[in-house]
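I opened a new structure today and kept notes as I went. Each entry records what I looked up and what I found.

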Amino acid sequence: NCVRNYPWYKEWQEAYANRGLVVIGIHTPETSAERKSEHVIAKAKEAALDFPIVIDNDKQNWNAWGNSLWPSVYLIDKQGRLRYWWHGELNWNGAGGHKTMGRRIEELLAEDDD
């Protein structure tokens, strides 16, 4: 399911990196095959994802964030506060989450740095 979000992650990285957006991927495997870092690296290269991806095989980040659904997207503001999130595919059944989160990114980038 996560791969369906890749186009928007890539789009956000390209569109907003010069304005201060930092995209960080956290890969938490569902299957034993997904635990192999070489598979994650190959998939990221294939999708041309140009941001860091942490491999969370022990589910430490997954559990710390209270995740229960792949994928999950979190937007953290300039002060380090969690402000918005989206659980599941961004455009599942036409949900439009990619547009909603894109607007939220714009909103957060427009805020003062204070």
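My entries follow, from the whole chain down to single residues.

**Entry 1: the whole chain**

I note at the start that this model is predicted. I listed the elements and found 4 helices and 4 strands in the chain. I then read their order from the N terminus, which is α-β-α-β-α-β-β-α.

Next I looked up the overall dimensions. Along the principal axes, the C-alpha atoms fill a box of roughly 45 × 30 × 30 Å.

Of the 114 residues, 32% count as buried. I also looked up the contacts with a separation of 6 or more, and residues 24 or more positions apart account for 58% of them.

**Entry 2: the core**

Which residues touch the most other members of the largest nonpolar core? I found Tyr9, Trp12, Leu90 and Ile105, in a core of 18 residues. I then asked which elements supply it. α1 (6-16), β3 (72-76) and α4 (97-110) each give at least two residues. The most come from α1, with 5 residues.

I stayed with α1. Its buried residues are Tyr6, Trp8, Tyr9, Trp12, Gln13 and Tyr16. They pack against α2 (37-46), β3 and α4.

I picked tryptophan 12, which is found in helix α1. Why does tryptophan 12 count as buried? Its relative accessibility is 5%, and the limit for buried is under 20%.

I listed its contacts, leaving aside neighbours within four places in sequence. Tryptophan 12 is in contact with Ala17, Leu21, Val73, Leu90, His98, Met101, Gly102 and Ile105. I also took one spacing along the chain. Lysine 36 is 24 residues from tryptophan 12, and their C-alpha atoms are separated by 27 Å.

I turned to isoleucine 105. Not counting residues up to four places away in sequence, isoleucine 105 touches Trp12, Tyr16, Leu21 and Leu75.

I followed the side chains along β3 and saw them alternate. Val73 and Leu75 point to one face and are buried.

How many bridges join β3 and β4? I found 5, with β3 and β4 (residues 82-87) paired in the antiparallel sense.

**Entry 3: Asn67**

I moved to the loop between α3 (60-64) and β3, where asparagine 67 lies. Is asparagine 67 buried or exposed? It counts as buried, because its relative accessibility is 16%.

I looked for its side-chain partners. A polar contact of 3.4 Å joins the side chains of asparagine 67 and serine 72. Another polar contact, of 2.4 Å, joins the side chains of asparagine 67 and tyrosine 74. With residues up to four places away in sequence left out, asparagine 67 touches Trp62, Ser72, Tyr74 and His87.

**Entry 4: the backbone**

I kept a general point in mind for this entry. Most residues other than glycine have a negative phi, and most peptide bonds are trans.

I stayed in the loop between α3 and β3, where proline 71 lies. The peptide bond from tryptophan 70 to proline 71 is cis, with omega near -20°.

I then looked at phi. Alanine 48 is not a glycine, yet its phi is positive, about 55°. Alanine 48 lies in the loop between α2 and β2 (53-55). Its relative accessibility is 38%, so alanine 48 counts as partly exposed.

Asparagine 93 has a positive phi of about 50° and is not a glycine either. I found asparagine 93 in the loop between β4 and α4. At 69% relative accessibility, asparagine 93 counts as exposed.

Notes:
Residues numbered from 1 in each chain as written. Predicted model: local features only at pLDDT ≥ 70, side-chain atom pairs only at ≥ 80, totals over all residues. Heavy atoms only, no water. Core = buried A, V, L, I, M, F, W, Y, C linked by side-chain atoms within 4.5 Å. Buried < 20%, exposed > 50% of the residue type's maximum accessible area, 1.4 Å probe, protein only. Contact = heavy atoms within 4.5 Å. Pairing = 2+ DSSP bridges. Polar contact = N/O pair within 3.5 Å; in protein donor to acceptor, adjacent residues only side chain to side chain.
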